[in-house]
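Dear colleague,

Please find the structure below, handed over for your records. My notes on its aromatic residues follow it.

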Amino acid sequence: MKKEDKVLNIEKLENLLGEFAHFYVTDIAGLNAEKTSALRRKCFEKEVKLVMVKNNLFCKALENKGIDYAQIASAFKGTSAIMFCNTGNVPGKMIKELNTPKEEIVKLKGAYVEECFYGADSLETLASIKSKNELIADVIALLQSPAKNVISALQSGSNTIHGVLKTLGERAE
């Protein structure tokens with residue numbers, strides 16, 4: 001590969017690192033064309049960008065972006081495909097869904113999610129991480145719960161008070 005081509009590839013990878021907040025380093029070398037196409041289609045549906053990379057060029061792009069990848073440096077051996085995404089748990093869920101006990105279709109080599117590095121053995125953790133939007137929804141639900149309880153109590157209390165007053169008013173003296 002010519003030096004100019006390497007520089008262009010590094011720039012493209014830097015742009016992807018700037019565009020997406022998270023990435024997963026995977027190995028999909030064992031897939032045939034049909035399964036690779038199906039994986040790419042599934043990635044497209046889930047808004048995940050799947051890119052085959054040269055390990056040295058990707059490491060150089062990480063260095064240029066100021067990301068210290070020493071914790072997962074061992075992941076950059078052999079064939080690597082990078083899954084870029086903006087929702088940290090989507091590729092983890094997708095990999096977990098695709099892999100079966102009999103066959104490991106996509107092998108996780110490492111990941112960079114929520115500004116932390118995860119190793120190949122962290123698939124369960126990565127799949128269960130809640131996204132920023134999910135966490136915000138949980139907080140809002142927790143904040144709304146007491147208010148809903150108060151409103152419900154007030155509404156049921158007004159019915160009770162109304163019933164007592166109506167009964168007292170109808171009672172003969």
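The notes below cover the source of the model, its aromatic pairs and one further residue.

This is a predicted model, in which local features need pLDDT of at least 70 and side-chain atom pairs count only at pLDDT 80 or more, while totals for chains, interfaces and linings use all residues. Residues are numbered from 1 along each chain as its sequence is written, and side-chain values use heavy atoms, with hydrogens and water left out.

A search of the whole structure finds eight aromatic pairs (rings of Phe, Tyr and Trp, the last by its six-membered ring, with centres within 6.5 Å; planes under 30 degrees apart are stacked, over 60 edge-to-face, the rest tilted). Phe23 and Phe84 form a tilted pair, because their planes stand at 55° with the ring centres 6.5 Å apart. This pair links distant parts of the chain, 61 residues apart: Phe23 lies in strand 1 (residues 22–27) and Phe84 in strand 3 (residues 80–85). Strands are DSSP runs of E of at least two residues, helices runs of H or I of at least four, both numbered from the N terminus.

Both Phe23 and Phe84 are buried (under 20% relative accessible area; exposed is over 50%, partly exposed in between; 1.4 Å probe, protein chains only). Tyr69 and Phe76 pair edge-to-face, at 5.7 Å between centres and 90° between planes. Tyr69 is buried at 15% relative accessible area, as is Phe76 at 8%. Ring pairs join Phe20, Phe23, Phe58, Tyr69, Phe76, Phe84, Tyr112 and Phe117 into a cluster.

Asn133, in helix 6 (residues 132–170), is exposed at 61% relative accessibility.

Yours sincerely
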